[in-house]
Amino acid sequence: EPGDRAKWTPAGSGCDSSAATTASILFALSPGSSPSATFTFPATGAYSLCYKYNFRSSGGLYEASDFIAFDASRVVAFSVDGFSPPSTAIGCSTTISIQG
């Protein structure tokens, strides 16, 4: 929901980890659209989702939650040092190699 917060912490470290991404506020790009957020990962590795419910649509009936760990929701951040070939085209059968 717009107004909720999300952050990613190194897998297994818990929501209080100092190595987490900055908590981002979810926002809707346009009325009725799904909320989204942007994250920058401080290092490569596996990260787990931590989510904070704002309950904005409840009209103030509920207080915001603490960050809750969703360990099954994971992302892996990796570094890309290069790739080849430098280009390809529609209709060409191409294998792209990523170095990192």
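Student: Which residue stands opposite R5 in β2?

Tutor: In this predicted model, R5 stands opposite I25 of β2.

Student: How do you know that β1 and β2 count as paired strands?

Tutor: Pairing requires at least two bridges between two strands. β1 and β2 have two bridges, in the antiparallel sense, so they meet that cut-off.

Student: What makes β1 and β5 a pair?

Tutor: Strand β1, residues 5–10, and strand β5, residues 45–52, are joined over six bridges. At least two are required, so β1 and β5 are paired. The sense is again antiparallel. Within this pairing, T9 has S48 as its bridge partner, and P10 stands opposite Y47.

Student: Why are β2 and β6 called edge strands?

Tutor: The open sheet has four strands in the order β2-β1-β5-β6, with antiparallel pairing. β2 (24–25) and β6 (68–77) each pair on one side only.

Student: Why is the aromatic pair of Y53 and F55 called stacked?

Tutor: Two values are needed, because a pair of aromatic rings is described by the distance of the centres and the angle of the planes. For Y53 and F55 the centres are 6.0 Å apart, and the cut-off for a pair is within 6.5 Å. The planes are 25 degrees apart, and stacked means under 30 degrees. The pair therefore counts as stacked.

Student: What makes Y53 and F55 partly exposed?

Tutor: Y53 has a relative accessible area of 30%, and F55 has 31%. Buried means under 20% and exposed means over 50%. Both values lie in between, so Y53 and F55 are partly exposed.

Student: How many aromatic pairs are there, and which residues form a cluster?

Tutor: The count is six aromatic pairs. W8, F39, F41 and Y47 form one aromatic cluster.

Student: How do you know that the charged end of K7 sits over the ring of F67?

Tutor: The charged end of K7 is 4.4 Å from the centre of the F67 ring. The distance cut-off is within 6 Å, and the charge must also be within 35 degrees of the ring normal.

Student: Which residues make up the largest nonpolar core?

Tutor: A6, W8, L26, Y47, L49, Y51 and A77, seven residues in all. β1 and β5 are the elements that give two or more residues to this core, and β5 has the largest share, three residues.

Student: What does A6 contact beyond its neighbours within four places in sequence?

Tutor: Its contacts include L26, L49 and Y51.

Methods. Residues are numbered from 1 along each chain as its sequence is written. This is a predicted model: local features need pLDDT of at least 70, side-chain atom pairs count only at pLDDT 80 or more; totals for chains, interfaces and linings use all residues. Side-chain values use heavy atoms; hydrogens and water are left out. Rings of Phe, Tyr and Trp (its six-membered ring) pair if their centres lie within 6.5 Å; planes under 30 degrees apart count as stacked, over 60 as edge-to-face and the rest as tilted. Buried means under 20% relative accessible area, exposed over 50%, partly exposed in between (1.4 Å probe, protein chains only). A nonpolar core is a set of buried Ala, Val, Leu, Ile, Met, Phe, Trp, Tyr and Cys residues joined through side-chain atoms within 4.5 Å. Contact means heavy atoms within 4.5 Å.
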